[in-house]
Amino acid sequence: MTQQPSQDQALQEYLLRLADSALILGQRLCELCGKAPAVEEEMALMNVALDLVGQARNWYDYAAELEGGQRDADALAYRRDAHEFRNLLLVEQPNGDYAVTMARQFFYDAWHYFTLQALVNAPDERVAGIAAKALKEVTYHLRRSSEWMKRLGDGTEESHQRMEVAVESLWRFTGEMLTADAVEQHLATAGLAPDAEQLAADWQGLVNSVLTEATLSLPPADAWMQQGGKTGRHTEHLGFILAEMQFLQRAYPDAKIW
Amino acid sequence: MQKSGNQPRPIPAPLEQPIIASDRVPANVGGEQLTETQLWQLLDEVKDPEVPVVSVVELGIVRSIQWLDNQLQVAVTPTYSGCPATELIEQQIAAALMQAGIRDPQVTRVLNPAWTTDWISDSGREKLRAYGIAPPQGSASKMTLLGHAEQISCPHCGSSHTEQVSEFGSTACKALYRCIDCLEPFDYFKCI
């Protein structure tokens, strides 16, 4: 028998999903520090990462409060193991070539944008406030990654080919963003999570239009989708990200002076 | 000849006794007598660490100052969620108030309503321009955010013949532009 989670528990779980996805993608982007293809791209990637890490902290702060204050944002980010992370599988995928980096960013940004747009109207002031702040930033992210889809997709023969491969290889991780489980359905009825059908329709609409303009093939709508990130079943990549990201906090817990 | 500018700072002699705040700042010496206008003027002296020509007041990130149960409460909103200067700004605001004799001021972070470049004052915009950063143009409407052509003037020569180099500049709040006439690159304070 499964017990219906209380609204606070469900919200806390959902906030961790939002925070973890932002944090892990931020961490992934930071791997490109010093290695980006051009200096402007490096600044852009690091700025996007910074926005995402900042947003993650805002969500973690609230999640920690709902939990009762035993753990703070740092503990949530640095002291949980892979199976406790609730991020989307998409964001933990490796950077690959720049087509993969930008296709991953675009799929996430589009989902992030429509998700935040719904959360801006949440009846919870904290959720609405964090979302409104983040939405301004994510609007920029989406604009930029959409442009890159078009530039690479409708670019040279090679960039087109690489983007086709990137879209195809990442497509199977997009399904879980658009399917609501019990936690999200429960919250959606209270206006604390987006309506899954609306989110899927908005996301699909935007992705179709950008891919079409980018002269890229649309993956089949009934493609098989990998699930699991939201419930802590991750791909093999997450452990490596955490090993690097959490090393310092794990080796020197609560260190105040480095 | 004495060089100006790059002199190393003298290292302060070690203190014989630890200084605690109350030794240096007598509690409430005049602090509570400050009027609201004086408090705003005081915070207008606190500069943004990233762009040290504009104050936190001119940037519009100080949202309110009020006394509550004998404690001064200052509400500050970050420009961006991940702005790395947020904590430093909060500390500097608290330090400025304590130096003015206000005991234990409370600086709280508010996210809602989200900061917008519309809150940057006219004097702040002018100082940004003089510093070489093109101030945000127009208001933060959705049209601007969605990338409809913005005409950004070069802060150096005033030409409107400019091009975007990157949507992101040296900090999250700026984009990188280049003037086609005077060829100088410059930062543009993004409109959000």
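Where in chain B is the place of B:Asp69? B:Asp69 sits in the loop between β1 (62-68) and β2 (71-76) of chain B. Before going on, a caveat: this is a predicted model.

Back to that loop. The phi of B:Asp69 is near 50 degrees, a positive value in a residue other than glycine. B:Asn70 is found in the loop between β1 and β2 of chain B as well. Its backbone has a positive phi too: B:Asn70 is at about 65 degrees, and it is not a glycine. Buried or exposed, B:Asp69? Exposed, because its relative accessibility is 75%, and exposed means over 50%. B:Asn70, at 65% relative accessibility, also counts as exposed.

Another backbone point in chain B. A cis peptide bond joins B:Asn112 and B:Pro113. Omega there is about 0 degrees. B:Pro113 lies in the loop between β3 (106-109) and α4 (122-131) of chain B.

B:Ile152 is in the loop between α5 (142-145) and β5 (162-166) of chain B. Its relative accessible area is 0%, so B:Ile152 is buried. What does B:Ile152 touch, leaving out residues up to four places away in sequence? Its contacts are B:Ala134, B:Gln137, B:Ser159, B:Ser160, B:Thr162, B:Tyr177, B:Phe186 and B:Tyr188. There is also a C-alpha distance to note. B:Ile152 and B:Arg178 are 26 residues apart in sequence, and their C-alpha atoms are 9.9 Å apart in space.

Chain B as a whole, then. It has 5 helices and 7 strands. Along the sequence the pattern reads α-α-β-β-α-β-α-β-α-β-β-β. Chain B has 192 residues, and 41% of them count as buried. Take the contacts in chain B with a separation of 6 or more: 54% are between residues 24 or more positions apart. The accessible surface is about 10,800 Å², with 51% of it belonging to carbon and sulfur atoms.

On to chain A. How many helices and strands does chain A have? 11 helices and 0 strands. Of the 258 residues in chain A, 55% are buried. For contacts in chain A with a separation of 6 or more, residues 24 or more positions apart account for 79%. Chain A exposes about 11,400 Å², and carbon and sulfur atoms supply 53% of that.

Let's look at how some of those helices pack. Start with helix α2 (residues 39-67) of chain A and helix α6 (residues 125-153) of chain A. Their axes come within 11 Å and cross at roughly 155 degrees. That makes α2(A) roughly antiparallel to α6(A), since the cut-off for that label is over 145 degrees. The crossing of α2(A) and α6(A) is left-handed. On the α2(A) side, the contact includes A:Val48, A:Leu52, A:Trp59 and A:Tyr62. On the α6(A) side, it includes A:Val127, A:Ile130, A:Val138 and A:Trp148. By class, the contact of α2(A) with α6(A) has 12 nonpolar, 3 polar and 7 charged residues.

Stay on α2(A), and turn to helix α5 (residues 98-119) of chain A. These axes come within 13 Å and cross at roughly 40 degrees. The crossing of α2(A) and α5(A) is left-handed. α2(A) brings A:Glu41, A:Leu45, A:Val48, A:Leu52, A:Gln55 and A:Trp59 to this contact. From α5(A) come residues including A:Tyr98, A:Tyr108, A:His112 and A:Leu116. The contact of α2(A) with α5(A) divides into 8 nonpolar, 4 polar and 1 charged.

Last pair. α5(A) also packs with helix α10 (residues 196-213) of chain A, at an angle of about 140 degrees and with the axes 9 Å apart. α5(A) and α10(A) are therefore oblique to each other. The crossing of α5(A) past α10(A) is right-handed. Among the α5(A) residues in contact are A:Phe106, A:Phe107, A:Trp111 and A:Phe114. On α10(A), they include A:Leu199, A:Trp203, A:Leu206 and A:Val210. The count for the contact of α5(A) with α10(A) is 10 nonpolar, 1 polar and 1 charged.

That's my tour. Over to you.

Conventions
Residues numbered from 1 in each chain as written. Chains lettered and ligands numbered in written order. Predicted model: local features only at pLDDT ≥ 70, side-chain atom pairs only at ≥ 80, totals over all residues. Heavy atoms only, no water. Axes fitted to C-alpha atoms, helices over the stretch in contact; angles between N-to-C directions. Helix = DSSP H or I, 4+ residues; strand = E, 2+ residues; numbered from the N terminus. Parallel < 35°, antiparallel > 145°, perpendicular 65-115°, else oblique. Left-handed = near helix turned anticlockwise from the far one by under 90°. Contact = heavy atoms within 4.5 Å. Nonpolar A, V, L, I, M, F, W, Y, C, P; charged D, E, K, R; others polar. Buried < 20%, exposed > 50% of the residue type's maximum accessible area, 1.4 Å probe, protein only. Areas by Shrake-Rupley, 256 points an atom, 1.4 Å probe, with all protein chains shown as cover.
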